[in-house]
Amino acid sequence: MKKIFLLAAAVMALAACNNADNDVDGPVAAKVTATIGQSALTRASETLWANGDKIGITMGDRYTNVPYTTAGNGVFTGDTMYFKNKTEPVTLTAYYPFAGTKGTAPGLIEASTIADNQTTDKQPGFDFLYARKENVTGSEPNVNFTFSHRMSKLTLIFKNGNNGTDVGKLTSYQIDGLVLDGTFDTTTGVCAANNVAPESLSMTTTGVESGKQLPSLIVFPQATAGKTVTLKIKDNENQDYACTLNFGDDGIVSGNNYQFAITVNKTGLIVNTSTITDWNKQESSADADAIDPE
C-alpha cells in the first residue's frame with residue numbers, strides 16, 4: 001500500500017511539473033512581425049519595407065523603446081523580449097520610425113512638414129505609424145503589430161481644361177493656411193499640429209500630366225473650421241490661379257488621404273468634389289471652392 005501511495009504522489013508531482021512548464025513557469029520569447037493596414041509589406045511612403053527600417057517597441061513595464069529592425073520582409077528582430085510566463089497578459093505598443101535610445105521612452109517627437117521635407121527620401125522620417133496590442137500572453141508569443149498611419153495625406157490631381165490649357169506647363173503650386181509643424185506622441189500614437197500661425201507650403205513641379213496625381217504631401221492632422229486653406233498654381237507663362245480647399249467640419253483627420261481633382265481653365269480653376277480614401281479606408285467627401293484667378 002505504501003508503494004502505491006508513493007507512486008501516486010510521484011505521478012501527481014510529475015503532472016504538476018508538466019502543467020507548470022506548459023502554463024505558467026519560465027519566460028517565453030516574443031517574436032515580432034509587422035503589417036501596415038491590410039498590406040504586409042508596405043510602409044510609410046508606400047514602398048516596401050526597406051532593409052534597416054526600425055520600429056520601437058514597449059512591452060508592459062518590462063521593456064521600453066526596444067529597437068527592432070527588418071531586413072525588408074516585415075519580420076523584425078532585436079534584443080529578445082520575454083513574457084514572464086504563458087498566462088500573464090501584457091500590453092505592447094510600437095511606433096515607426098524609431099527615435100531616441102533603448103530603455104528610454106522618447107515621448108513627443110517634433111517634426112516639420114515644410115517643402116524641403118516633402119521628398120520621397122525624407123517623408124518616411126515623419127510619416128508616423130503606431131500599433132497597440134492588449135492582453136497578449138506568452139501562450140501566443142508571435143506578436144503581429146498592425147500599424148496605422150497617424151499623419152494625414154494630401155493628394156492633388158490637375159486636369160487640362162478648355163481652350164487648350166496644358167497642366168504640363170505648371171511650374172509650382174502653393175498651399176496657404178496649414179500649420180506645418182507638430183508632434184507625434186509615441187506613447188499614444190497621437191499626431192497633432194502645433195498651436196501656431198499657419199504657413200505657406202510652396203512646391204515646385206515639372207512634368208505634370210493631366211489626370212495623374214502629383215506626389216502626395218504628408219501633413220499634420222488639424223482643425224480647419226473657420227480657416228481658409230488656399231491653393232495657388234503658377235505656370236511657365238506666369239499665369240496664376242487660385243482656389244480654396246475645404247475639408248469639412250472634421251478638418252484634416254489622422255490617417256486619411258484627401259484627394260482633390262482640379263481642372264485648370266483659362267478663366268480659372270474648377271475643383272471637383274474630392275474624396276477621402278485610404279490610409280484609414282474611410283470613404284467620405286470634401287469639396288473645394290474656386291477663386292477667380294489673380
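Which strand holds serine 148? Select strand 10, residues 142–149, and serine 148 is there. Strands are DSSP runs (E, at least two residues), numbered from the N terminus.

This is a predicted model: local features need pLDDT of at least 70, side-chain atom pairs count only at pLDDT 80 or more, and totals for chains, interfaces and linings use all residues. Residues are numbered from 1 along each chain as its sequence is written, and side-chain values use heavy atoms, with hydrogens and water left out.

**Stop 1: serine 148.** Serine 148 is partly exposed, at 23% relative accessible area. Partly exposed lies between buried (under 20%) and exposed (over 50%), with a 1.4 Å probe and protein chains only. Show its contacts: Phe128, Leu129 and Tyr130, leaving aside residues up to four places away in sequence. Contact means heavy atoms within 4.5 Å.

Stop 2: Strand 2 (residues 31–36) pairs with strand 10 in the parallel sense over six bridges. Strands pair if DSSP finds at least two bridges between them. Find lysine 31 opposite asparagine 142 of strand 10.

**Stop 3: the rings.** Go to Phe128 again. Ring pairs link Tyr95, Phe98, Phe128 and Phe184 into a cluster. Rings of Phe, Tyr and Trp (its six-membered ring) pair if their centres lie within 6.5 Å; planes under 30 degrees apart are stacked, over 60 edge-to-face, the rest tilted. Phenylalanine 128 is buried, at 1% relative accessible area. Phenylalanine 184 is buried too, at 0%.

Methods:
Helix = DSSP H or I, 4+ residues; strand = E, 2+ residues; numbered from the N terminus.
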